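The report below goes from terms and overall figures to individual residues. Please keep the model open while reading.

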Amino acid sequence: MSLLQVSDLTFGYPGSFDNVFENVSFSIDTDWKTGFIGRNGKGKTTFLNLLLGKYEYSGSITTNKFFDYFPYKTEEKDLDKTMDEMSMEWKSNAEGWKIICELNNMGVDPELLYRPIKTLSHGERTKAMLAILFSGDNEFLLIDEPTNHLDKDGREIIKNYLAQKNGFILVSHDRDLLDAVSDHMLILNRSSIEVMNGNFSTWWENKERADAFAMAENEKHKKEIGKLTASMRRTDSWAKKSESTKIGFDPIKENDRSISTRSFIGAKTKKMQSRVKNFEKRIEREIEEKEGLLNDIEKVDDLRLNPLKHHKKCIVECRDFSLGYSEESRVLSGITFQLEQGDILFLNGENGCGKSSLIKAILKNAGYLHDTGDIADTSKLQDTSALPGTENMITDGKLETASGLIISYIDQNTSDLKGTLAEFTKKRDLDYSLFLTLLRKLDFSREQFESKIEDYSEGQKKKVLIAASLLTPAHLYIWDEPLNYIDVFSRMQIEKLIETYMPTMIVVEHDIRFREKLATKIENL
């Protein structure tokens with residue numbers, strides 16, 4: 001057995017107000033399959049970089065294993081090279097036959113090792129990199145979100161492959177993957193780090209019970225503190241009132257009192273003051289026991305949505321619809337469905353099957369104007385040529401969208417997000433204060449409001465787009481892979497929102513749990 005031992009780890013970025021980690025200590029067996037979760041921006045990738053020695057820190061991290069990290073970095077100059085060539089740069093001890101064996105274990109043709117990287121899909125790159133990652137010896141592997149952008153089949157391959165392995169930390173927000181792969185969990189709580197035996201569902205069940213107990217204990221202590229405070233105030237009032245009668249009296253009104261009564265009143269007052277001090281000590285003990293009870297509870301605030309009602313029941317209709325970018329070939333063919341108000345339609349299919357193309361065809365038909373942000377109001381239609389990806393689109397069959405349809409759209413691409421939040425909300429014509437309030441509910445810190453959006457993590461960028469969409473009253477919400485990089489807690493928060501308000505939606509999302517919980521219709525492409 002070998003351990004990864006972390007002792008009194010403290011780290012903060014230069015110029016940052018708070019440390020990311022403060023005197024953190026825990027240990028992990030390097031044979032475990034450890035799932036690693038936490039809110040976006042709380043330090044998961046930072047911790048992996050600390051293990052890799054990229055930053056200076058105080059405290060100690062010790063193990064007799066070597067670390068390797070997924071995904072490997074690929075630059076523009078590398079795209080003409082093959083995975084076989086890059087494997088020697090990424091992992092100097094990699095042996096070709098071992099990499100081929102790992103690809104065979106995934107059921108993947110090893111020929112992709114010898115194709116230029118630029119010709120490989122995202123899923124093919126992921127599988128090749130994982131094969132290279134697991135081809136070494138005496139290593140503890142750090143795997144950072146391997147299933148982002150992968151379709152259902154790709155996720156199944158990665159899930160089954162990792163389930164056969166051990167000796168890694170897996171950062172993922174995919175509950176299905178964490179349940180299938182992990183035998184231990186490493187959790188970045190709000191004020192602590194926790195290591196627990198079991199998978200995500202085991203941890204979540206235990207956490208819900210622990211949170212319920214902590215909240216019940218907190219309420220019990222609050223009631224006890226209230227009772228003690230009320231009793232203390234009454235006793236203190238009596239003591240002060242009694243003390244005020246110690247000196248001086250009216251012999252006519254108080255004919256039964258003599259000067260000797262003063263010592264009796266003094267003793268009585270002293271006794272009541274002693275009771276007040278005892279109350280104060282008991283209150284302090286109750287407060288001390290109450291302190292910290294709720295520190296690690298995930299305070300998931302309810303989100304709000306303002307979907308609009310359209311006068312037509314059916315707002316999108318496809319009938320024998322085909323789409324392509326040349327007369328010779330079609331990306332989609334024979335698509336037929338109706339989207340009625342209240343439907344939540346999930347588009348399902350492998351990467352490259354045309355899901356995003358279908359979304360863009362619907363947006364173009366509805367008059368979506370890309371330059372104006374994420375609102376499409378067909379009553380103000382001018383030009384749809386600004387929508388990227390639709391310039392050379394050729395369609396056949398029927399695609400109709402209701403007139404006057406207002407759409408709120410989340411693109412899977414975040415590369416164009418730049419500038420401050422104030423500039424972003426001004427461009428989108430959103431209420432800045434409400435926008436910040438919503439981001440706070442999605443676990444943004446106030447310090448992050450001052451940063452440029454391009455400096456955010458990918459998960460935080462996605463939350464910016466989701467917050468903008470939620471603030472947009474619309475007849476139809478179209479979300480294209482909205483949950484990539486979004487943490488588990490925010491995913492459940494968004495699930496609850498959609499369940500509560502049941503907006504009309506078209507969604508592309510590969511999170512199986514998310515789709516199973518919310519889909520009223522599924523269109524397999």
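## Terms and basis

A residue is called buried when its relative accessible area is under 20%, exposed when it is over 50%, and partly exposed in between, with a 1.4 Å probe and protein chains only. By that rule F200, at 3% relative accessibility, counts as buried.

This is a predicted model, in which local features need pLDDT of at least 70 and side-chain atom pairs count only at pLDDT 80 or more, while totals for chains, interfaces and linings use all residues. Residues are numbered from 1 along each chain as its sequence is written, and side-chain values use heavy atoms, with hydrogens and water left out.

## Overall figures

The protein has 14 helices and 18 strands, where helices (H or I, at least four residues) and strands (E, at least two) are DSSP runs numbered from the N terminus. Of its 525 residues, 49% are buried. The accessible surface comes to about 25,700 Å², and 48% of it belongs to carbon and sulfur atoms; these areas come from the Shrake-Rupley method with a 1.4 Å probe, and for residues only the protein chains shown count as cover.

A contact means heavy atoms within 4.5 Å. Among contacts between residues at least 6 apart in sequence, 73% join residues at least 24 apart.

## Nonpolar cores

A nonpolar core is a set of buried Ala, Val, Leu, Ile, Met, Phe, Trp, Tyr and Cys residues joined through side-chain atoms within 4.5 Å. The largest one has 42 residues, and those with the most contacts inside it are M83, L130, F134 and I143. The largest share of this core, six residues, comes from helix 4 (residues 122-133). Apart from it lies another core, of 37 residues, among them I344, F435, Y456 and L470.

Leaving aside residues up to four places away in sequence, L130 touches F70, M106, I143, I158 and Y161.

## L142 and the region of F70

L142 has its place in strand 6 (residues 139-144) and, at 0% relative accessibility, counts as buried. Not counting residues up to four places away in sequence, L142 touches L48, L51, L52, F67, D68, Y69, F70 and I169. With D68, the separation is 74 residues in sequence but 6.1 Å in space, C-alpha to C-alpha.

Two further features involve Y69 and F70. The charged end of K54 sits over the ring of Y69, 5.9 Å from its centre; the criterion is NZ of Lys or CZ of Arg within 6 Å of the ring centre and within 35 degrees of the ring normal. The peptide bond from F70 to P71 is cis, with omega near 10 degrees, and P71 lies in the loop between strand 5 (66-70) and helix 2 (83-90).

## Aromatic pairs

Rings of Phe, Tyr and Trp (its six-membered ring) pair if their centres lie within 6.5 Å, and planes under 30 degrees apart count as stacked, over 60 as edge-to-face and the rest as tilted. A search of the whole structure finds 18 such pairs. One of them, the tilted pair of F26 and F47, has 5.7 Å centre to centre and 50 degrees between the planes. F26 lies in strand 2 (residues 21-29) and F47 in helix 1 (residues 44-51), so the pair ties together parts that are 21 residues apart in sequence. Both rings belong to buried residues, F26 and F47, and F21, F26, F36 and F47 form one aromatic cluster.

F200 and W204 form a stacked pair, with 6.3 Å centre to centre and 10 degrees between the planes. These two are four residues apart in helix 7 (residues 200-244), and are therefore separated by about one helical turn. F200 is also touched by D179, whose other contacts, not counting residues up to four places away in sequence, are N199, S201 and R513; D179 itself is found in helix 6 (residues 175-181) and, at 15% relative accessibility, counts as buried.

## Backbone angles and cysteines

Most residues other than glycine have a negative phi, and most peptide bonds are trans. N23, although not a glycine, has a positive phi of about 50 degrees; N23 lies in strand 2 and, at 51% relative accessibility, counts as exposed. M502, also not a glycine, has a positive phi of about 45 degrees; M502 is found in the loop between helix 13 (488-501) and strand 17 (505-508) and is partly exposed, with a relative accessible area of 38%.

The structure holds zero disulfides, a disulfide being a pair of cysteine sulfur atoms within 2.5 Å. For C314, the closest cysteine sulfur is that of C318, at 9.7 Å, which is too far for a bond.
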